[in-house]
Amino acid sequence: MTIKNTYINLSVAFCLICLGTSCDISENEIEPGISFTKIYNSSSFTDIYDPLDVASINDSAYLVLSATDAWNIHLLKAGMDGAFEWEMNLPEPYVNALPQMYRQDDNLYLVCMNELRLGTYILRINPAGGETEVVYQNQEITYPLAAHLSAQGDWLIQGYNREERKTSLTKLSPGFNKEWSKEFDILEDVEERIIKHLTRTGTRLPFFNGYAPGNGNSGYYYFNGFNNYTMALTFVNPSDGEPLGVMNGFRDLGYINAALSLENGAFALSKNSYGDNYLIPMSEVNERSVSSSSDLEANQFPEIDARANVIIKTYEIQGREIIFYATHSRSKRIMLYAYDVLDGSLLGVEYMGQTSPYEIGNITATADGGLVVLGKTYVAGRFPRISLFKLTENEVLDMIN
Amino acid sequence: MKHIIALFFAGLCCSFSTCLAQGGRYSNSKNLFSSTQGFIGIWSGVNFSTPIISQSYSDFALIDPSADILSDKKQYESATTNLGTQMGLSAAFSINKYLTVVLSPSYKTLNYQYQSQFSWQDEENSLNYLEHTYHHEKVLHYISLPLLFRFSPMGRRLKPYVQFGGYYDRLLDAQKHITTEGIDQASGGQVNFKENPQSTDISHLFIRSHAGLLGGGGASYNLGTIIFYVDGQYRYGMHNIVNAKERFSGSRNITGFGNVQDDLSIKNIEISLGCYFPLKFLTKDFKPVIL
């Protein structure tokens, strides 16, 4: 073979190699909004944001609910690529938004408190401009702590009666008419702890309400709140609020800090005991018995921050039902744990946030199969700001496969 | 982009074939052995990169855009700051006296740097002030495969030349070094701080391929059994080298502010020194073929 022929062969091989390995050039594109990270920063020292929930608006924007300056209510709208559109603070007397936005058909609601009278409002939010409309108010339901909106449109609102030292539970019809109200003795004064919870000057406590379809029995409501000296998960009859059973905690030092009823009648739970966190992706719960959360067998997750919020949600990812636990670590990184809804086995873990400390706000699924993770970050290690992570469907699949 | 590159290399092949054909005709009229020459050599040098930004991104959104104090625009350094190096082998084939085809595989580092600044101010006391400056340095390691056509219109011992061609680089890995410094005037006095650099692997934030066109010139000096040359190339990257699919993953998991990379291509000036050794010798007196 001559030198000339060698060169011809080398050059042809060179060209073929280049063409064969350069596919990543033509495929190096991604649609806007599929993936992004955004930190909504301001130049002010004194701005403090505590993000609570994020909602996807018509698959083209995101609405973020936050608390600012302790318990004032802040709304922020971002485009589908996370670009900032507008922000606003709700005027007085609305304070203490519960850490969730509630969706019914095309309407979006939030539940909040009257700053002076401590009563309860349900506000309908116009996601286009952030205008709010009072659709329900009841100044007798004081210190609203948690709410649940059922698929049928019924509301279940948990409050605290400071004069009677009782937890109140009120069910409203879809037309906002009171169907029943029930109170549960706490037997001690917990107002100071509740005020610290609301004003974020003390431990944030995991108040929540929910509905469980039951397993062969009729469904029932549950609420996590003060009952009989403890933070307890109490199960009640949906027709009159009469208690069915309870899973007691230990005062406000040991408690269930998140629960989600699964379709098979089991619960996905998280419990906290003196700052130690346990995730229980599948647990049989007898709603008609008296039990204790300390008796739940579970693995301890020492990486989870002692007082971290824990979010449990289920989403269908490519036809597969997945339980997602979202929380943050002691090193202030957001963590997503994915479990199989069929057997509670762990599928994967995703860690987010290295640049700055991050704390979990909430998560929501998007129409493109991805996930939006709302968090609080401390930019420059000191200024609390809202952050959004948008994970693509492929990134979610990578986590669970 | 893939079609453009395919056309480019197809064109290279056509012109290469044409040159070979012309070389063949030339050889037929002369002595076939002494009408061509092959060379093998080694070379190394430095390069200076300039990123060309096609689309800018940030993981920060200002919710008070009227506040002029805060900025997240990346300020890219000039090419003279972005120093890289390269070294490699070179195989050249002189088809005739004027035209040489060169394949010079090399190991190459590209470097580009930028900084971004942030500041915060106490609204109630403007003397309380915090400023952070993040200096980012990206170092990309490539195996580079340039294919060059070199024209030497004049000279015998000292031969200036011009050249053009294309290149295909394959990313080996990429590193990021970030240094944070700033002014903290919010803790009772002014403190200037500078933290130790942090480094991390960011290979997944770039695509593997990097292709483009190149042109340049140089001169060679023939000492008989060894030829020294100095070479200059201007390399024009033809596409975005940042991995769009991983654009935001860096800001989730890699230390440092402003990790969302802009879409960019690279312009690069490369200066090298090298030497060639001729491969064909006239056996009678062991003198190399000189065209």
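This is a predicted model: local features need pLDDT of at least 70, side-chain atom pairs count only at pLDDT 80 or more; totals for chains, interfaces and linings use all residues.
## Overall architecture

Four helices and 30 strands make up the secondary structure of chain A. The radius of gyration of chain A is 24 Å, close to the 21 Å given by the globule rule for 401 residues, so the chain is as compact as a globular protein of that length. Taken along the principal axes, the C-alpha atoms of chain A fill a box of roughly 100 × 45 × 40 Å.

Of the 401 residues of chain A, 48% count as buried. Where contacts in chain A join residues at least 6 apart in sequence, 44% of these contacts link residues at least 24 apart.

Strands of chain A in the order 11-12-13-14 form an open sheet of four strands, with antiparallel pairing. Strand 11 (146–149) and strand 14 (178–185) of chain A stand at the edges with a single partner strand each, so one side of each has no neighbour in the sheet. On average, and with direction ignored, neighbouring strands of this sheet are turned by 15° against each other. Strand 13 (residues 166–172) of chain A runs antiparallel to strand 14 of chain A and is joined to it by seven bridges; A:Lys166 has A:Asp185, in strand 14 of chain A, as its bridge partner.

Helix 3 of chain A, which spans residues 191–199, has A:Ile194, A:His197 and A:Leu198 as buried residues. These residues lie on the same side of helix 3 of chain A, because they cover an arc of only 95° around the axis. The buried residues of helix 3 of chain A pack against strand 12 (155–161) of chain A, which belongs to the open sheet with the order 11-12-13-14. Just after helix 3 of chain A, A:Arg200 takes a positive phi of about 60°.

Strand 28 of chain A, covering residues 358–365, is mostly covered, with six of its eight residues buried. Seven bridges connect strand 28 of chain A with strand 29 (residues 371–379) of chain A, and the two run antiparallel; A:Asn362 stands opposite A:Leu374 in strand 29 of chain A. The hairpin of strand 28 and strand 29 of chain A has five residues between the strands, and in it A:Gly369 takes a positive phi near 90°.

## Surroundings of A:Thr314

A:Thr314 lies in strand 24 (residues 311–317) of chain A and counts as partly exposed because it has 17 C-beta neighbours inside 10 Å. When residues up to four places away in sequence are not counted, A:Thr314 touches A:Leu260, A:Glu321, A:Ile322, A:Ile323 and A:Val341. The C-alpha atoms of A:Thr314 and A:Ala365 are separated by 9.3 Å, although the two residues are 51 residues apart along the chain.

## Nonpolar cores

The largest nonpolar core has 115 residues, and those with the most contacts inside it are A:Val64, A:Leu110, A:Cys112, A:Ala326 and A:Val373. Strand 26 (residues 334–340) of chain A supplies the largest share of this core, six residues. Leaving aside neighbours within four places in sequence, A:Ala326 is in contact with A:Ile311, A:Ile334, A:Leu336, A:Ile360, A:Ile363 and A:Val373.

Apart from this core lies another core, of 17 residues, which has A:Ile25, B:Ile207, B:Val242 and B:Leu264 among its residues.

Notes. Residues are numbered from 1 along each chain as its sequence is written. Chains are lettered from A and ligands numbered from 1 in the order in which they are written. A residue is buried if 20 or more other C-beta atoms lie within 10 Å of its own, exposed if 12 or fewer, and partly exposed in between; C-beta atoms are placed from the backbone. The arc is that of the directions from the helix axis to the C-beta atoms. Two residues are in contact if their C-beta atoms, placed from the backbone, lie within 7 Å. The radius of gyration is taken over C-alpha atoms; the globule rule is 2.2 Å times the number of residues to the power 0.38. Two strands pair if DSSP finds at least two bridges between them. Axes are lines fitted to C-alpha atoms, for helices over the stretch in contact, and angles run from 0 to 180 degrees between N-to-C directions. A nonpolar core is a set of buried Ala, Val, Leu, Ile, Met, Phe, Trp, Tyr and Cys residues joined through C-beta atoms within 7 Å.
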